[in-house]
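Visitor: I would like to go through this assembly with you, one interface after another. Could you take me through it by question and answer?

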There are 4 protein chains.
Amino acid sequence: MKGAADTYQGRGLIADPIHQYIGFTRPGGIPGEATEQDLIDTSWVQRLRRVPQLQSARWVFPAAEHSRFQHSLGAMHLAGRFAQQLYPSLRAVFHDAPSAPLIEELLRMAGLLHDVGHGPFGHFFDDNFLADYDLTHELLGQRIIREELADVLRDLRRSPSGVFASDERVDPEWICYLMGKTYTQPLESHPRWLPFLKPLLSGVFTADNMDYVLRDAYMCGIAVGPIDVERIMYYSFFSEKGLTLNRAGLGAFVMFLNARYYMYTNVYYHRTTRGIDLHLKEIFRDTMRIAFPFDLRKELHPYLHLTEWTLLEEVGRWHDADDGERRALGAEWRHVLDRRLKWRMSGEEVLDQFEARKGYGFLHSDEVEKRVKSFLPAHLRDFPFKIDMALQDPRPLNPLKMGDRQIYVFDPANGSVSEEPLSEILKYLPGKVAQCRIFAMTHEHDGELAGALKRALNEEPPSIVTNV
Amino acid sequence: MKGAADTYQGRGLIADPIHQYIGFTRPGGIPGEATEQDLIDTSWVQRLRRVPQLQSARWVFPAAEHSRFQHSLGAMHLAGRFAQQLYPSLRAVFHDAPSAPLIEELLRMAGLLHDVGHGPFGHFFDDNFLADYDLTHELLGQRIIREELADVLRDLRRSPSGVFASDERVDPEWICYLMGKTYTQPLESHPRWLPFLKPLLSGVFTADNMDYVLRDAYMCGIAVGPIDVERIMYYSFFSEKGLTLNRAGLGAFVMFLNARYYMYTNVYYHRTTRGIDLHLKEIFRDTMRIAFPFDLRKELHPYLHLTEWTLLEEVGRWHDADDGERRALGAEWRHVLDRRLKWRMSGEEVLDQFEARKGYGFLHSDEVEKRVKSFLPAHLRDFPFKIDMALQDPRPLNPLKMGDRQIYVFDPANGSVSEEPLSEILKYLPGKVAQCRIFAMTHEHDGELAGALKRALNEEPPSIVTNV
Amino acid sequence: MKGAADTYQGRGLIADPIHQYIGFTRPGGIPGEATEQDLIDTSWVQRLRRVPQLQSARWVFPAAEHSRFQHSLGAMHLAGRFAQQLYPSLRAVFHDAPSAPLIEELLRMAGLLHDVGHGPFGHFFDDNFLADYDLTHELLGQRIIREELADVLRDLRRSPSGVFASDERVDPEWICYLMGKTYTQPLESHPRWLPFLKPLLSGVFTADNMDYVLRDAYMCGIAVGPIDVERIMYYSFFSEKGLTLNRAGLGAFVMFLNARYYMYTNVYYHRTTRGIDLHLKEIFRDTMRIAFPFDLRKELHPYLHLTEWTLLEEVGRWHDADDGERRALGAEWRHVLDRRLKWRMSGEEVLDQFEARKGYGFLHSDEVEKRVKSFLPAHLRDFPFKIDMALQDPRPLNPLKMGDRQIYVFDPANGSVSEEPLSEILKYLPGKVAQCRIFAMTHEHDGELAGALKRALNEEPPSIVTNV
Amino acid sequence: MKGAADTYQGRGLIADPIHQYIGFTRPGGIPGEATEQDLIDTSWVQRLRRVPQLQSARWVFPAAEHSRFQHSLGAMHLAGRFAQQLYPSLRAVFHDAPSAPLIEELLRMAGLLHDVGHGPFGHFFDDNFLADYDLTHELLGQRIIREELADVLRDLRRSPSGVFASDERVDPEWICYLMGKTYTQPLESHPRWLPFLKPLLSGVFTADNMDYVLRDAYMCGIAVGPIDVERIMYYSFFSEKGLTLNRAGLGAFVMFLNARYYMYTNVYYHRTTRGIDLHLKEIFRDTMRIAFPFDLRKELHPYLHLTEWTLLEEVGRWHDADDGERRALGAEWRHVLDRRLKWRMSGEEVLDQFEARKGYGFLHSDEVEKRVKSFLPAHLRDFPFKIDMALQDPRPLNPLKMGDRQIYVFDPANGSVSEEPLSEILKYLPGKVAQCRIFAMTHEHDGELAGALKRALNEEPPSIVTNV
């Protein structure tokens, strides 16, 4: 049908509560091509449906049950909208930049796949399992892209808004570069415009974090407000230095950082969530040894079946296993699954840092623990407690030194572009924050524990604790 | 600044609660051009700030204080988004269609100006003032466009998304044709593609009504929406027959009609609003004779200063005027302004019609009044009451005969395009509805009045009322 | 602390995206009492976190990942708000009604527990598994309440807004009566006011369906609008006949029914969702025989570990099982899990019924299938296809005969209460709707299949199909 | 009708986009009483419909057309919700506190009437007209309450949630005390609990500012909210010290302050808005002398007809007045009305102050102007420019010294109540901010003007500017 074909052939829509509709390419366009739908329907991407976005937080925010799958679609969509906004200026800076559809598709794929390596319990899994193998979810993701998805990626021929120029292809390696913190230098062989795109996936305002702040808040029912993503995007462009924000968008940008900060403080690092994580830490490595006896450095495929669903359902049955070890671990997991909290917060202090200082940093939790012990009254010396340091970076500590994720500010009044105004605009937000908390198994001694924590952070410990 | 110029030169954003941001063109693009900002800042468009969108309804919905100015900007925006969605299929049907920016700008201007002829109290003003001069707000609007705004319109050179082809211009006459019910045939000289655009401004789902349903609901605090405008638009295209909806969008389209129906029944035709209008009718012509002693057929300029603000503030002072007539009218207006209601609803019957029938129609309110009188008990024969018929068309009465606003349905399963499926999909909505109400000055006799109204609509009146 | 204790003691808040905050009782109020938190944290209620609300629909609406757990909290909250609104009129009708907190708590518990018996894949599970044992999720839920939760329920002493009168207790049997369609008569021993509460949990606008329509739309990203729950509630009260809607709330009530109708048509019964269910039906009984070899009539406890998570993860591994049957089933499940659709819609007809008619009903899908076969061209006689009838009741077929869920309308103009106005107000919605669809494994013969379906529903089949 | 009367008698609902529905009392309850509807329908309160909430800002945010009338209803509603939340703790602290309905009604009336004295152009009117008579809109409001509304107020007998105790009355003088900054000490005769209520109307989070931040953002289409008003309210109570926030609400409180700060910086003090105000300042006093030749200290009644509508329509006609002075002023007003901006921003510097310091404060705009002149190059010495200082207090400069609006923080961990934690939680927000801007009539010398402004604020001016 004339008209219809021009409008719908090879295109589809996915409903989404954050972005309303997410367009995507599907078969029916170019013979022999791969489409976004082919990628989305791979087992590796579908697997993300069973990896919740917010790990332990859903025990506190019951509605936070969304998966990394929907977030990945959202990040794909925002990355594509960034591409549309930024292309004219990219082209102005790089006359040899590829076609708009190629740039759009590259960014969309980086958005779709940036989390493909995540395991159950997200970042906790990185810290308490992958770290033992010198792995991160990013490294796993890059391997999945290279080994499992590269062929499909190379067969893409268009974005939702158009067809690539005839010889253009999305290079899977470009995606690996864009998505990662570990891959901070582009290769020699990479095109010159590629590093300009990096801050859109890894940095202070990205397709990733703009989707997750909006989505997590929406799902949890947290009133941080509809962040003004439209404004931030509209006032983004590429100057010759790189990703640049028009001054007119700075207010919205800071509100976004404030909202993200609020989400960290109140949701991601909610005291109950962190208490559950303390409990999980005690049993996670032993659990994984039994539940996932594979070495991911050697074989990748078992990972396809390692999700939060597998893991929780498996451990949920251990409490009446024959095997004693399983039974013991299962009893602990039962507590978690039925929300019977082991560790409860007894006190909290918030630390912050506004500027980089040589050799300076927050105390490590082990050190704080030692100090707290020294300040506890004698009868509590053996009272079990835990120190938890929840660390976040509400903004770059030094906004003038952001490395490969540096952004810039454009002042239309005088036409200048520089990083300088970031210092001024960001100065009301701390660069680093630590929520330092003390947890115990009862609330009985909260007063004494909270007091000792306060002293531990404010006073030097008695330098000589025994008679000389 | 390279990059910045490519992104922001000659463009601006207006914040809007319904569409978030409305882009527009402003000076700085092409030397000598006129821009949308020039049009928006004319006295004629600015005047709409002082013509509220919802006339008497704001005495019932206190938050409904928005003007036709913001609605006009919203209609401009939606019309432009329609253009972007529809252009590929327009071009597929008409290979000689003008450039995308020209089509976009034409539709945007028709959206911006479709209400420019409205006076104080909107449609009430048409019925109770303009009608006496054989005028309508549309005829006035067309005159304003031709006599006052045509020069600026002809100097436009681009839309927010690009520059016209070099010889293209927006013809003010096209706008007059698109906006009006009174101008149902395009001129011989008009391009063939022009009538295809008409249903976007005048018909069953238009840039106009999609904006006002959303906006009025938002402002009143009426929970009818968010209507799924995105879906309706995405599934709209031009087939060779004209404006066509993909079947996948029919559900959203019907929900939109339902929401519009709800707005008419509960807001625009709220019983208290209609009661206030009954009161206004009694004093409006006399008021206008004093407050606006001009003949709009002869001179247009006084109209620039005739707004709801002027009118209400003037009559608000009449209650202590020296002149007796002003004083009498002023006393009535004082009642309206302080919300002391004269006419209160005593009863209501809802009439509906699903299909066109030859020679058939709802009774006229005069006829109903006569019948009611004949059914009232003797002691109430002289009791003052009013009959009000609030008429609406929730959907085209005959969806297969919509004239120059006909729309079509595309069935992707078999590739067919026709108007037939409209009958099926629209059958749950009545084609015409009349809220027939009886009003009195007290609630004392509500039972008897409501009873008489019911009989008046259900029984034939005694056929011979006097002895023969 | 004076003041603080009076405000927070024994109370808590849960964040929720639909209702913002849901208050609940928790330990710290009355010594020895059970609280809502105790119930929420039981394994049976926590289990609902692993039973998604929307079964197969999330393969179409990726964001629809919410569980019955959050819906149950929402239904609890709405039920409690109904209690607050309705108590004054309940008390006016029944002078011996118990205290407001008791009524509130009874309704909240009925809301919390109404879905506690649901299994994986919700209603599909009822039809394709429980039915074989003459069970329903309601019967299971009632058993869980009686056998597992009754002790805790009996120990409740207060609602979030106050303490029960001293001798009052929530009777678990009352909850069983309120939640069920199967238990339509109250017991002799039940209090007279109890049946008045039933339509709040089982009927046309309930704490259950008002939460799920809002929540499912919110989560899917379906713009049906924020239903005006506030208005519907405010205009609800108990007359001497039972649950009554003030006329002023009828418009909002009908909009709610429209929204629910839209959700059924477009989400719950989305063509792709139904196609997946057709596929699941082919393998579900065999799957369950292996995965859940228990008889729920005999033992209830295994049900604690039967969730959608267990089931999907188990079958997700079967495709490389040693056992042949598992492997075969696993291969089918793999298709489902990776969204490789087996059955695709070839055509659809919508049937509706506005009034009850003796002996009349929609054709059964088996009958339709037979007829379709008779209308198919010879070469397609063996072409595999499926007929699916998706049935819904957008409103009571006969609004004047709703049995124990009857509601009434109050007309403030004349003080009357009756069910009559329901007929008028509901007449634009059909009473029963069937989306009758034909599915095949390819789109190759869509035209012929759709044609045969149309004829099958509109023409009598050839009455004699073989030679006599 | 039994049941109905108990639910609806003497009560009504107003639809509102911010709070959904606002309940109010209306006639039909107690014989002889006055109700909220009587107050709302007075000419003084209805007058607020013609006083826009956002004065010049609507020339920048076209949708910001809402009036102080709807805001007053919103503030009434929030004040009443505060009353419901706070009553139990008020009663715990003051055993002789009056009935809950009396407290609710007192706060609602203070919310409804807090802006009743406002004139056209809001705070601008205070500064550029009332100040010349030593008046403020608060003083006028108090006079309107005492002289015009006191009788109605004294006849109130109930709030929407119940009837006062038999001898209780709302004392209009209490309202005057609560609403004002100028009346900082309660009278000897005032009840002891009265000052506890003051921070709810005048302070850092109030029924007033919580409504206006939400409403202005909603109407402008500014994505700052929804602010978590529910959370802030739930965590508010009265301790023995006064209005107290539970620590659990501090995060939401800070987010609210951030949103308010954002609204000031980006909306209320938008550069274009302030530029319009600079222009208005040049003509306002002369305009008022002609348009409103009354002394409000002597006669109050003319004020009833002084609204933004009167004023703008009057001056809108002056440009073709016979009288020369009117004509000259009218020409200037024409510029404003048609948005032809006289003053455009050439540069901006933001100043902030975090702590109170003796004898320290931002420079006055006159002083800045002088300094700028001294830093301008010679050829611009006579170039016309304006300095504008837009001052705001994002939070109390010294959170420990808030006087009669002091609030406190409750730490549930240790049961303490004090003002100390405010310092910690508020430290990321500046206490005072000045947006210092330089405006000129063209953008020609923006660079030089901006440079001179920067120097003027950072360097001491040459101390001796002429030879000695």
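**Contacts between the chains**

Guide: In this predicted model, the interface of chain A and chain C holds 17 residue pairs in polar contact, both residues being at pLDDT 80 or more.

Visitor: Which helix gives the largest share of the side of chain A that touches chain C?

Guide: Several elements of chain A each supply at least two residues of that side, among them strand S1 (11-16), helix H4 (68-93), helix H14 (308-318) and helix H15 (324-337). By class, the side of chain A that touches chain C has 15 nonpolar, 11 polar and 12 charged residues. The largest share, 7 residues, comes from H14(A).

Visitor: What area is buried between chain A and chain C?

Guide: The contact takes 38 residues from chain A and 38 residues from chain C. Glu65(A), Trp309(A) and Glu313(A) supply 20% of the area that chain A buries against chain C, more than any other three residues. Carbon and sulfur atoms give 50% of the area buried between the two chains, which is about 3500 Å².

Visitor: Which residue of chain C forms a salt bridge with Arg50(A)?

Guide: The count between chain A and chain C is 4 salt bridges. For the one made by Arg50(A), the closest N and O atoms are 3.0 Å apart, which falls within the 4 Å cut-off, and the partner of Arg50(A) is Glu313(C).

Visitor: Why can one say that the copies, chain C and chain B, meet through the same surface?

Guide: In this interface 22 residues of chain C are in contact with 23 residues of chain B. The copies meet through the same surface because the share of interface residues of chain C that are also interface residues in chain B is 100%.

Visitor: Which residue of chain C meets Asp352(B) in a salt bridge?

Guide: Across the interface of chain C and chain B there are 4 salt bridges. In the one that involves Asp352(B), the side chains meet at 2.9 Å, N to O, and the partner is Lys427(C).

Visitor: What is the area buried between chain C and chain B?

Guide: Met255(C), Tyr262(C) and Tyr428(C) supply 35% of the area that chain C buries against chain B, more than any other three residues. Carbon and sulfur atoms give 52% of the area buried between the two chains, and that area is about 1900 Å².

Terms used
Residues numbered from 1 in each chain as written. Chains lettered and ligands numbered in written order. Predicted model: local features only at pLDDT ≥ 70, side-chain atom pairs only at ≥ 80, totals over all residues. Heavy atoms only, no water. Contact = heavy atoms within 4.5 Å. Buried area = accessible area lost by both parts, 1.4 Å probe. Polar contact = N/O pair within 3.5 Å; in protein donor to acceptor, adjacent residues only side chain to side chain. Helix = DSSP H or I, 4+ residues; strand = E, 2+ residues; numbered from the N terminus. Nonpolar A, V, L, I, M, F, W, Y, C, P; charged D, E, K, R; others polar.
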